[in-house]
Amino acid sequence: MRGASRVEVVQPSATLRISSMAKKLAKEGKDVVDMSVGEPDFVTPQHIVDAAIKALKEGKVFYTPTRGIPELLDAIAEKLRKENGIPAESKNVIVAAGAKFAIFNAIMSLIDSGDEVILLDPSWVSYEACVLMAGGKVVWVPHSEGFEDAPIEDYVNPKTKMIIVNSPSNPLGVVYSKEFMKKVRDLAIDKNLFVLSDEIYEKIIFDGKHISLAALDGMFERTITINGFSKTYSMTGWRLGYAAAPEWIIERMERLQSHSISHPSSFVQYAGVAALKGDQSFVMKMVEEFRARKDMIAKKLKELGIEFAPPKGAFYIFMNVNRDSQEFCEEFLKKEYVALTPGSAFGKAYSTWVRLSYATSRERIAEFLKRLEIFI
Ligand SMILES: Cc1ncc(COP(=O)(O)O)c(C=O)c1O
């Protein structure tokens, strides 16, 4: 018997593989410092939890509309207009079980066999997998020096259909410059391309201002804005994300979603409304904590003479270890019980770089820095 070939084009997520190796060592009793996780280490704010419990108690336990409950669609559209300058209305929004499914759905709904999709190298692991499963071709574009720009204009050809931008970026932690965003806009309009703008880390920025591509002149009609609740409100396990786009794209995504996941859990959507409409002080506190951790690591890396991309947002630092990243990570895990993610998981050009996530306590970060100094 043989399974479908569409799954054979992708490998299990490399980031998950390293975390499961780390978990196995921890289970064996080793004191593992896990710097590979991609989720905030805070508990979801209580008022959001309470809203989910209230919805459950009120019997909000049945199917919802495929695109999501009207209250949540309205709250998201309002947020996009007010905070991001994106002219979205409720009809331009679809909620999904995590931003990841919104991305999968958008790519499945827009990319045909043979279409080329531009990915900045390095990029978050699942974009490539989604494009490949859709039958598309990934065109990797390495960053220019300093990581805040990339020569995408050299890689666009008649087959190019989409550019994916993720600012702040996972795994780089960079926030792209205004000039770069403008270049993406000009190119997308000139060559009639879609842009998928993954803004999941928009609130976690230490330096610089977040720019939403769909807010730039002429971009709303060609941009799929992706966002969610996982990182901003520490809600990874709740599985709630969304896409905003022109109505015709949302209609296609609604069709795909109606025959697959239907919609995110009913009571989770009510929690989403509470997250968007409630007290936002949690977000500020979380960002300040991330900033302190980032400063702590950056200081030590500089002392050790390790090169890294400018950490301006998200909760990752991408650093050059000047040797094969896979080997480095395996050896570091085996010898010092520290889990990092090899740069090779995120693209082609940065095989001597590794990603570290500082979504862990300052005590554990201090321990990591100690072990790093010993190891190198
Ligand atoms: C860049 C990026 N986009 C999307 C996601 C998926 O987020 P969600 O938990 O909402 O599916 C992640 C999660 O790691 C991410 O890093």
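This is a predicted model: local features need pLDDT of at least 70, side-chain atom pairs count only at pLDDT 80 or more; totals for chains, interfaces and linings use all residues.
Residues are numbered from 1 along each chain as its sequence is written, and side-chain values use heavy atoms, with hydrogens and water left out.

Around the ligand stand 14 residues, of which the closest are Ala-99, Asp-198, Ser-230, Lys-231 and Arg-239; a residue counts here if one of its heavy atoms lies within 4 Å of the ligand. An oxygen atom of the ligand is 2.7 Å from a polar backbone atom of Ala-99, and an oxygen atom of the ligand is also 2.7 Å from an N or O atom in the side chain of Arg-239. The protein covers 93% of the 400 Å² of accessible area that the ligand has on its own, with areas taken from the Shrake-Rupley method and a 1.4 Å probe. Helix α4 (residues 99–110) gives the largest share of this shell, three residues, where helices are DSSP runs (H or I, at least four residues) and strands are E runs of at least two, both numbered from the N terminus.

Turning to helix α9 (residues 281–304), its 24 residues should span 34 Å at 1.5 Å a residue, and its end C-alpha atoms are 35 Å apart, which agrees; the expected span is 1.5 Å times one less than the number of residues. Among the buried residues of α9 are Phe-282, Met-286, Phe-290 and Leu-301, buried meaning under 20% relative accessible area with a 1.4 Å probe and protein chains only. The buried residues of α9 pack against β9 (316–320), β12 (353–357) and α11 (362–375), contact meaning heavy atoms within 4.5 Å. After α9 comes Gly-305, whose phi is positive, near 75 degrees.

How values were computed
A polar contact is a pair of N or O atoms within 3.5 Å; within protein, one must be able to donate a hydrogen and the other to accept it, and residues adjacent in sequence count only if both atoms are side-chain atoms. Buried means under 20% relative accessible area, exposed over 50%, partly exposed in between (1.4 Å probe, protein chains only).
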